[in-house]
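Subject: Structure for your review

Dear colleague,

I am handing over the structure below and would be glad if you could read through the notes that follow it.

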Amino acid sequence: PKPVLQTSGHVEKFTDFMVSEYRTDDAAPEFFRADHLLEDKIKELLKDATLSPETVEEYKSIIARVDDFNAAELGEQLRRFNVLSPNGFKVSEPEPFNLMFPTSIGPTGLYPAYLRPE
């Protein structure tokens with residue numbers, strides 16, 4: 001039921017930042033978790049053996065903090081590292097996507113509830 005999941009923080013906190021791709025063809029855009037795209041890009045950059053120790057530490061620090069970024073900070077990092085979708089297209093600014101899907105329960109359907117994302 002809704003009151004239980006609101007009290008536990010599930011309704012407000014089960015949110016991921018998503019981006020869509022700006023496609024240049026006729027295909028429908030795909031959506032991706034922004035934090036995963038950023039992590040994947042930085043992990044790829046970390047394979048460069050010529051990076052300075054300072055840069056390696058900075059990149060690792062970004063990966064460690066990626067879940068703490070708000071939408072603006074995450075968008076800034078996506079632009080900084082020129083992150084593209086796995087299909088090679090530019091991506092939108094991160095938008096919050098609530099993973100708790102609303103539904104109704106009870107014989108009359110008047111009781112709001114949520115489907116949990118686990």
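Phenylalanine 81 lies in the loop between α5 and β3, where helices (H or I, at least four residues) and strands (E, at least two) are DSSP runs, numbered from the N terminus. With a relative accessibility of 7%, phenylalanine 81 counts as buried, the classes being buried under 20% relative accessible area, exposed over 50%, and partly exposed in between (1.4 Å probe, protein chains only). Leaving aside neighbours within four places in sequence, phenylalanine 81 is in contact with Leu38, Lys41, Ile42, Leu45, Tyr59 and Ile62, contact meaning heavy atoms within 4.5 Å. The C-alpha atoms of phenylalanine 81 and isoleucine 42 are separated by 7.8 Å, although the two residues are 39 residues apart along the chain.

Please bear in mind that this is a predicted model, in which local features need pLDDT of at least 70 and side-chain atom pairs count only at pLDDT 80 or more, whereas totals for chains, interfaces and linings use all residues. Residues are numbered from 1 along each chain as its sequence is written, and side-chain values use heavy atoms, with hydrogens and water left out.

The loop between α5 (71-80) and β3 also holds asparagine 82, which has a positive phi of about 50° although it is not a glycine. As background, most residues other than glycine have a negative phi.

Valine 56 belongs to helix α4 (residues 53-65) and, not counting residues up to four places away in sequence, touches Leu46 and Leu51.

Turning to the strands, three of them form an open sheet in the order β2-β1-β3 with antiparallel pairing, two strands being taken as paired if DSSP finds at least two bridges between them. Because β2 (31-33) and β3 (95-98) stand at the edges with a single partner strand each, one side of each is left without a neighbour in the sheet. Neighbouring strands of this sheet are turned by 50° against each other on average, direction ignored; axes here are lines fitted to C-alpha atoms, for helices over the stretch in contact, and angles run from 0 to 180 degrees between N-to-C directions. Strand β1 (residues 15-20) is joined to β2 by three bridges, and the two run antiparallel; methionine 18 has arginine 33 of β2 as its bridge partner. Helix α3 (residues 34-45) packs on the sheet, where it touches β1 and β2, and its direction makes about 70° with that of β2.

Serine 20, which is placed in strand β1, counts as buried at 16% relative accessibility. Beyond its neighbours within four places in sequence, serine 20 is in contact with Glu30, Phe31, Lys90, Val91 and Ser92.

Phenylalanine 101, found in strand β4, is partly exposed with a relative accessible area of 41%. Together with Phe97 and Leu115, Phe101 makes a nonpolar surface patch of about 280 Å². Patches are made of residues with over 30% relative accessible area and no salt bridge, like charges being joined within 9 Å and nonpolar side chains (Val, Leu, Ile, Met, Phe, Trp, Tyr) within 5 Å, and accessible areas come from the Shrake-Rupley method with a 1.4 Å probe, for residues with only the protein chains shown as cover.

How many salt bridges does a search of the whole structure find? The search finds seven, a salt bridge being a side-chain nitrogen of Lys or Arg within 4 Å of a carboxyl oxygen of Asp or Glu. One of them links arginine 33 to aspartate 35, with the closest N and O atoms 2.7 Å apart; arginine 33 is partly exposed at 28%, whereas aspartate 35 is buried at 8%. Another joins lysine 47 and glutamate 44 at 3.3 Å, N to O, with lysine 47 exposed at 63% relative accessible area. Salt bridges that share partners also join Asp16, Arg33 and Asp35 into one network.
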